[in-house]
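Hi,

Here's the structure I said I'd pass on to you.

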Amino acid sequence: MMTDNVLPVAARFFPPLEIAGMEPHGTGKVNDTFLVKTSGAGGQSFILQRISSAVFAHPEWIMENMRVLFDHVEGKLRQEPERGWRLPGLHQTLDGRDFYRDGDGSCWRVLRYIAKTRSFDTMENVSQAREVGLALGRFHRLISDLDPARLHDTLPGFHITPRYLGHYDRVAQAGRHAASPDIVFCHDFIARRRAQAGVLEAGRSAGKLTLRPIHGDPKLSNFLFDEESGKAVSLIDLDTVKPGLIQYDVGDCLRSCCNRAGEESSPGEVFFDTERCRAILQGYVAEAGGFLTSHDYDYFYDGLRVIAFELGLRFFTDYLEGNIYFKTLSAEQNLQRALVQFALAASIEKQAAKIAAICCELNPWA
Ligand code: GN1
Ligand code: MG
């Protein structure tokens with residue numbers, strides 16, 4: 001999307017003369033994101049986003065959840081100033097609303113840019129891994145006493161792996177694609193693992209895992225690191241904060257951070273790094289250990305295995321459906337992304353014993 005078309009939208013949030021510049025921002029695969037530089041009050045920068053209406057049926061629910069979340073953690077953060085932890089606050093429209101709906105019905109919002117921080121698409125070292133673990137643990141701790149019933153389900157079915165499988169089955173039956181070797185490989189990979197896809201949901205039905213508020217998308221690029229200290233000081237992208245299982249979050253964070261090659265690589269380069277996995281889990285438990293149960297630890301490995309498989313399944317299904325969900329730069333990109341996640345799932349499975357041993361080491365009840 002051209003920034004020229006976005007200027008009238010930005011003018012709903014800032015006096016037009018104060019808008020000093022605007023450019024596309026980040027590598028998100030769902031929303032459209034822009035960095036807006038202003039000349040007012042100290043020349044602050046802001047993040048302007050159009051929430052994808054193809055993905056989120058009720059963007060206003062996202063905004064209501066953000067209010068509930070901010071109200072819940074604000075007081076707590078004031079009591080922990082030494083940690084320097086921040087959340088991206090909302091900046092309202094000139095007429096005092098949390099979001100603006102344009103003539104097409106698209107929902108736009110503005111968040112405060114967290115200055116002097118940076119994010120990464122691939123991890124640089126193991127100390128960043130510990131920082132990420134601490135940050136996710138801190139986020140979960142801050143919201144662990146927030147009643148999940150107060151949050152809307154902004155994306156029904158999100159991270160319920162068996163539901164993605166059901167959708168895949170319907171799309172695969174339509175069979176629009178000729179069977180290339182990569183496509184055959186993906187169908188086969190899914191067929192061999194489908195029986196294990198419901199492991200977390202089964203844990204929930206058995207009363208071992210509890211619904212809690214989760215982040216929903218704690219991938220590496222959503223953690224902000226302080227430019228000077230290198231500490232992780234924020235977790236952004238709060239659209240999918242909703243009731244869920246923390247194992248999906250922990251799994252998603254591990255699958256994203258421990259894949260040295262990153263999400264946009266090739267399957268041959270992919271390897272799941274267990275040293276980083278240990279550092280992330282150590283950091284996570286240091287912050288979140290107070291509310292974790294023994295079952296929670298037992299399911300960390302399954303959460304990781306399932307989420308890499310789930311994301312591969314989502315990319316592959318989107319490819320088969322004609323790339324309608326994730327943004328792509330080429331027709332084959334979602335197939336390539338699926339192959340990368342499946343290679344990662346295979347690397348995780350190969351190292352199952354090692355990863356399970358790390359989870360066990362950390363579990364005080366084991
Ligand atoms: C999507 O839009 P973005 O890049 O923040 C997706 C996540 C995936 C991620 C993979 C709402 O997040 O679930 O893990 O891509 N978000 C949604 O990069 O589907
Ligand atoms: Mg996201």
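The largest pocket is the space taken by ligand 1. Bear in mind that this is a predicted model, and every value below was computed from it.

So what is around the ligand? In total, 15 residues surround ligand 1, and the closest are Lys-29, Lys-219, Glu-263, Arg-314 and Tyr-325. If you sort that shell by residue type, you get seven nonpolar residues, seven charged ones and one polar one.

- Tyr-325 has a side-chain N or O atom 2.5 Å from an oxygen atom of ligand 1.
- Asp-237 places a polar side-chain atom 2.9 Å from an oxygen of ligand 1.
- Arg-255 has a polar side-chain atom too, at 3.5 Å from a ligand 1 oxygen.

How much of ligand 1 does the protein cover? On its own, ligand 1 has 440 Å² of accessible area, and the protein covers 95% of that.

Now zoom out to the whole chain. The protein is divided into two parts: domain 1 runs over 3-115 and domain 2 over 126-362. Their centres, taken over C-alpha atoms, are 26 Å apart. Where the two meet, domain 1 puts 28 residues into the contact and domain 2 puts in 34.

And which domain supplies the shell around ligand 1? Both do: domain 1 and domain 2 each give at least three residues to it.

Enjoy exploring!

Definitions and conventions
Residues numbered from 1 in each chain as written. Chains lettered and ligands numbered in written order. Predicted model: local features only at pLDDT ≥ 70, side-chain atom pairs only at ≥ 80, totals over all residues. Heavy atoms only, no water. Near = heavy atom within 4 Å. Polar contact = N/O pair within 3.5 Å; in protein donor to acceptor, adjacent residues only side chain to side chain. Areas by Shrake-Rupley, 256 points an atom, 1.4 Å probe, with all protein chains shown as cover. 1 Å grid on protein atoms, 1.4 Å probe; cavity = no way out; pocket = protein on both sides within 12 Å on 5 of 7 lines; lining within 4 Å. Sits in = over half its atoms within 2 Å of the grid points. Nonpolar A, V, L, I, M, F, W, Y, C, P; charged D, E, K, R; others polar. Domains from an automatic or database assignment. Contact = heavy atoms within 4.5 Å.
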